[in-house]
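Good morning, colleagues. I would ask you to look at the model on the screen while I go through its aromatic pairs.

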Amino acid sequence: MEPASSAGELPRVGITPGDPGGIGPQLLLQLLEGEAWKEAFIPVVFGHRRVIERWRSFLGLQSVRYYPIADPTQAQPARLNLIECGTLEDFPIGRASPQAG
């Protein structure tokens, strides 16, 4: 967690969703669907957009949107800031697979 640089500025928190087909992306999206975190930190998710898109659709959480950024310093409060990492094959949700790692 990066400390706030000035009074009132929220810390940026780096988050990795974990196994694309596992429970990590689900928990992340369900957390960010709420409102309480918006006054506590600025999320910077390091992962693949397809993971966010697939889980968002699977869970019916279309209100959770992500915003691609290239660098954590570009992260804005009250939104899911995504730094896209790596490549990803198609993966099943809710079960172990070689595609998901």
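Predicted model: local features only at pLDDT ≥ 70, side-chain atom pairs only at ≥ 80, totals over all residues.

Phe58 is exposed, at 55% relative accessibility; exposed means over 50% relative accessible area, buried under 20%, and partly exposed in between, with a 1.4 Å probe and protein chains only. Residues are numbered from 1 along each chain as its sequence is written, and side-chain values use heavy atoms, leaving out hydrogens and water.

How many aromatic pairs does the structure hold? There are two. Rings of Phe, Tyr and Trp, the last by its six-membered ring, pair if their centres lie within 6.5 Å; planes under 30 degrees apart are stacked, over 60 edge-to-face, and the rest tilted. Trp37 and Phe41 form a tilted pair, with 5.9 Å centre to centre and 40 degrees between the planes. Trp37 is buried at 6% relative accessibility, and Phe41 is buried at 16%.

The rings of Trp55 and Phe58 have centres 5.5 Å apart and planes at 80 degrees, so this pair is edge-to-face. Both residues belong to helix α2, residues 49-59, and because they are three residues apart there, about one helical turn separates them.

As for the chain, its elements run β-α-β-α-β-β from the N terminus; helices are DSSP runs of H or I with at least four residues, strands runs of E with at least two, numbered from the N terminus. Of its 101 residues, 40% count as buried.
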